Amino acid sequence: MSKIVVVPGTFDPLTNGHLDIIKRASKIFGDVRVAVMINSSKNPLFTVEERVALIEEVTSQFENVKVESSSGLLVDYAKKIDASAIVRGLRAVSDFEYEMQITSMNRVLDEEIETFFIMTNNQYSFLSSSIVKEVAKYGGEISSLVPKVVEDALIAKFNKK
């Protein structure tokens, strides 16, 4: 029986940096669940259903990756699916400080769930969903930043506005 790990995020939208972390996690762990988290403090561009559908399309080549959505505490979701670990990507030192706080809180909530950090590839160290949305909003070139299906979805969203 393979261990279940969770790769969480809001993924609004999924970037090539996110995809790199998911791909690398899928090579290490047997059962990877991408959890599209619903964060009430954020105002997403894409609905949760749109984000799940985009990620499912992009990750369809990975047999051991499943995409789901969840609201509430990540630890509660991890317990519900019997996950033993959380996988997070780190871009820079500033990410580490934030991730350390989250990991410490998760350990208080459930000390049985481990957190693994995967350093992003250098080519994605600057990349964030916010930056991608800003560039796409003004018609900038994003083809090297996101998968094609996500690029098309961003262009369609901003052409509607």
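Trainee: What span does helix α1 (residues 16-28) reach from its first C-alpha to its last, and what is expected?

Mentor: Helix α1 has 13 residues and reaches 19 Å, close to the 18 Å expected at 1.5 Å a residue. The expected span is 1.5 Å times one less than the number of residues. A helix here is a DSSP run of H or I with at least four residues, a strand a run of E with at least two, both numbered from the N terminus. Keep in mind that this is a predicted model, where local features need pLDDT of at least 70 and side-chain atom pairs pLDDT 80 or more, while totals for chains, interfaces and linings use all residues. Numbering runs from 1 along each chain as its sequence is written, and side-chain values use heavy atoms, leaving out hydrogens and water.

Trainee: Which elements do the buried residues of α1 pack against?

Mentor: They pack against β1 (4-9), β2 (31-38), α2 (48-58), β3 (65-71), β4 (83-90) and β5 (114-119). Among the buried residues of α1 are L19, I22 and A25. At the start of α1, a side-chain oxygen of T15 comes to within 3.2 Å of the backbone nitrogen of G17.

Trainee: Why is D12 called buried?

Mentor: Buried means under 20% relative accessible area, exposed over 50%, and partly exposed in between (1.4 Å probe, protein chains only). D12 has 5%, so it counts as buried.

Trainee: What makes D12 and K133 a salt bridge?

Mentor: The term asks for a side-chain nitrogen of Lys or Arg within 4 Å of a carboxyl oxygen of Asp or Glu. The closest N and O atoms of D12 and K133 are 3.0 Å apart, so the pair passes. This pair joins distant parts of the chain: D12 is in the loop between β1 and α1, K133 in helix α5 (residues 129-137), 121 residues apart.

Trainee: How many salt bridges are there in the whole structure?

Mentor: A search finds 10. One of them pairs R33 with D31, at 3.0 Å between the closest N and O atoms. Another pairs K66 with E68, at 3.3 Å. Salt bridges that share partners join D31, R33, K66 and E68 into one network.

Trainee: Why is K66 called partly exposed, while E68 counts as buried?

Mentor: K66 has a relative accessible area of 44%, so it falls in the partly exposed range. E68 has 17%, which means it counts as buried. R33, at 13%, is buried, and D31, at 18%, is buried too.

Trainee: What is A78 in contact with, leaving aside its neighbours within four places in sequence?

Mentor: A78 touches V6, A83 and I113, where contact means heavy atoms within 4.5 Å. A78 is placed in helix α3 (residues 74-80), and at 0% relative accessibility it counts as buried.

Trainee: How do you know that the radius of gyration agrees with a compact globule?

Mentor: The radius is taken over C-alpha atoms, and the globule rule is 2.2 Å times the number of residues to the power 0.38. With 161 residues the rule gives a value near 15 Å, and the protein has 15 Å, so the two agree.

Notes
Polar contact = N/O pair within 3.5 Å; in protein donor to acceptor, adjacent residues only side chain to side chain.
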